[in-house]
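Thanks for coming. I will take a few minutes to walk through one model, going from single residues to helix contacts and then to the cores.

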Amino acid sequence: MSSKRKAPASPSSASAPPRKTRRVSSRNISLKPETKKNDSVVPLSTTPSAAPNDLQHSDDSQDGLILREFYPPELSNGRALEYINGERRRPIETLNAALIETSKARSKILLGRSVVHWFRGDLRLEDNTALQLASAKARANKDGENAALIAMYILSPQDLEAHLTSPAKVDFILRTLKTLQRDLDKLNIPLHVEVVECREDLPGRVLELASEWDANHVYANTEYEVDELRRDANVIRMGIKKGIDFSVHHDLCIVNPGELATKSTGKQFSIYTPWFRAWIEYAHTHSECLLLAPSPTANPPGVRGSYPTLFNAPIPTAPSTRSLFPGEAKKLADLYPAGEHMAQERLQKFLKERITKYSDDRNTLSGRGTSMLSVHFANGTLSARQAVAAARDLNSTRKLNTGNGGIMTMSKPFKPAYANIKWPQTPKTEAFFNAWCTGRTGTPIVDAAMRELLATSHMHNRARMIVASFLCKDLLVDWRKGERFFMEHLIDGDFASNNGGWGWSSGTGVDPQPWFRIFNPLRQSEKFDPEGAYIRQWVKELRGVEGKAIHAPYERLEKKEFKKLRYPEPCVKHEVARKLCMDMYKAALGR
């Protein structure tokens, strides 16, 4: 039964060979001893203790960049370097340590009446590592009756706030849960969905539910965000005290985190091309990483009698702070049908109709050369393995980097030195940011992209790069404000992709030559929307503008003609803004 708990005071083409499935091994998390400085595992709602020089005490909270209710001030450069240099234990290493130190005790825990799979960002039955392991565990009793497999999903309004989850994404998750519940019901597997208001209560509630259901084993796929890694380490240790084995398993990535490192330093890559070559080499020599996990086995019919209140319970509605207007909900449901079946349908449509032209069309803003699968990747209704394996099976070769070219082709910057950038904080920059948010900058390609986002909760990838570069390097607005705005509005908002994209565009992330790459919005517009179709689609004031004037109406039309459009003048002149940006970055980097 759904309840609300208050806080205290791909399938391949017909001609392709059948794809193998993998019997998932539980040896998914790397278990290596750690000798680094330890970050103590703390409740999520509290501020970690830190030495005076560990944190930067700035006034950035006035800009709303850091949610003080959930997070401490920004890390100092010194502490960030300790993580980068491997001197301080990273959150994923904290999780690994919890697994190592409890492995012996967990191995002695016997099978209970049920086994639980905790759904998080993996809302699918097919190719779900932890779900398959939980299913296999439930069938592991050779001496008597098998255990029941029970699925659960916990909705935490505080987590949604802390992670800036957009109302569109929350709506997609809830619609997906309804589909998931129906699919599980066909297998006699119940899905329990519950709201836990306070995020720090979530670990205890998961274990409490497991105890209620007489489950001694709880499975989940690893979530790689900092809070979630530390939370899971907490649950592992708390579980041992209650006689419950909580285990987490790699599933999100095709190549597990930590497997790839540079040959020169043994550290993580910071440049895309060598990383991609290493990734391809690994995938070719470890073919098992593209094998798909089988779907779970059905429970016996008697499970319905044993757990009658867990079946067919209503899915909760969105929290008030993350709810949509009725008209918005209907529009998004039409644009982005939810569930793994719709993900597979969209994948197959892309493979059949557009993939061979992808390398030519992927940057074209008008029309759809892209797959529009990002919403499914971000919510776990489609795995990366499913997509890559399906594309590989359609390819003219089993290699991932040859054959059909269309087929295979925390508020802290990644580079700590870029934390020294002094972003202007003036009424003018605040006005610029508001103009950017509403698609009223006077730069047509930027305004078209921002209006697409506001209208559809989605934006073309090339457009994301254009508007991100424009915000940081033309308007000189702190990239973190744009990062937050995207997360609050995108239906496919994903922390890693969003943070990585903003780091690349702002020049503070992984890149060989970042800070002096400044997109010229006019050139981007003329190159990727040459006829102005994308601009006319989203900027109604400019629909009557003919020819090349569509890309720069203020500069290319007569003043009287421009005034009639009721379209804003450009916020900035690109060449002037470019020089200011270069000077600002040089000053921060001491160049």
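I start with Asp127, which lies in the loop between strand 2 (114–119) and helix 3 (129–138). Helices here are DSSP runs of H or I with at least four residues, strands are runs of E with at least two, and both are numbered from the N terminus. Before going on: this is a predicted model, in which local features need pLDDT of at least 70 and side-chain atom pairs count only at pLDDT 80 or more, while totals for chains, interfaces and linings use all residues. Residues are numbered from 1 along each chain as its sequence is written, and side-chain values use heavy atoms, with hydrogens and water left out.

Back to Asp127. Its relative accessible area is 1%, so Asp127 is buried. Buried means under 20% relative accessible area, exposed means over 50%, and partly exposed is in between, with a 1.4 Å probe and protein chains only. The phi of Asp127 is near 50°, a positive value in a residue other than glycine. As background, most residues other than glycine have a negative phi. Met372 also has a positive phi, near 60°. Met372 sits in the loop between helix 12 (358–361) and helix 13 (374–379), and at 15% relative accessibility it counts as buried.

Next, the part of the chain around helix 1, residues 77–84. Which residues of helix 1 are buried? They are Asn77, Arg79, Ala80, Glu82 and Tyr83. These buried residues pack against helix 7 (226–241). Just after helix 1, Gly86 takes a positive phi of about 80°.

Now a pair of residues that touch. Arg106 is in helix 2 (residues 91–107). Is Arg106 buried or exposed? Arg106 counts as buried, because its relative accessibility is 12%. If neighbours within four places in sequence are left aside, Arg106 is in contact, meaning heavy atoms within 4.5 Å, with Leu99, Ile236, Ile240, Asp245, Phe246 and Ser247. Ser247 is found in strand 6 (residues 245–249) and is buried, with a relative accessible area of 6%. With the neighbours within four places again set aside, the contacts of Ser247 are Arg106, Val218, Tyr219 and Ala220. Ser247 and His117 are 130 residues apart in sequence, and their C-alpha atoms are 10.0 Å apart in space.

On to helix packing. The axes of helix 11 (residues 340–353) and helix 14 (residues 384–394) come within 11 Å and cross at roughly 30°. An axis is a line fitted to C-alpha atoms, for helices over the stretch in contact, and angles run from 0 to 180 degrees between N-to-C directions. The crossing angle makes helix 11 roughly parallel to helix 14, a term for angles under 35 degrees. From helix 11, Gln344, Leu347 and Leu351 take part, and they meet Gln386, Ala387, Ala390, Ala391 and Leu394 in helix 14. By class, this contact has six nonpolar, two polar and no charged residues. For those classes, Ala, Val, Leu, Ile, Met, Phe, Trp, Tyr, Cys and Pro count as nonpolar, Asp, Glu, Lys and Arg as charged, and the others, Gly among them, as polar.

A second pair is helix 15 with helix 16, which pack at an angle of about 65° with their axes 7 Å apart. Helix 15 brings Trp436, Cys437 and Thr438 to the contact, and helix 16 brings Val446, Met450, Arg451 and Leu454. Those residues divide into five nonpolar, one polar and one charged.

In the loop between helix 16 and helix 17 is His460, which is buried, with a relative accessible area of 1%. Beyond its neighbours within four places in sequence, His460 contacts residues including Arg362, Asn363 and Glu452.

Last, the cores. A nonpolar core is a set of buried Ala, Val, Leu, Ile, Met, Phe, Trp, Tyr and Cys residues joined through side-chain atoms within 4.5 Å. Which members of the largest nonpolar core touch the most other members? Trp436 and Phe486 do, out of 52 residues. Among the elements that give two or more residues to this core are helix 15 (427–438), helix 16 (444–456) and helix 17 (461–473). Helix 17 supplies the largest share, eight residues. Apart from this core lies another, of 30 residues, including Leu202, Val206, Ala220 and Ile236.

Technical notes. Angles under 35 degrees count as roughly parallel, over 145 as roughly antiparallel, 65 to 115 as roughly perpendicular and the rest as oblique.
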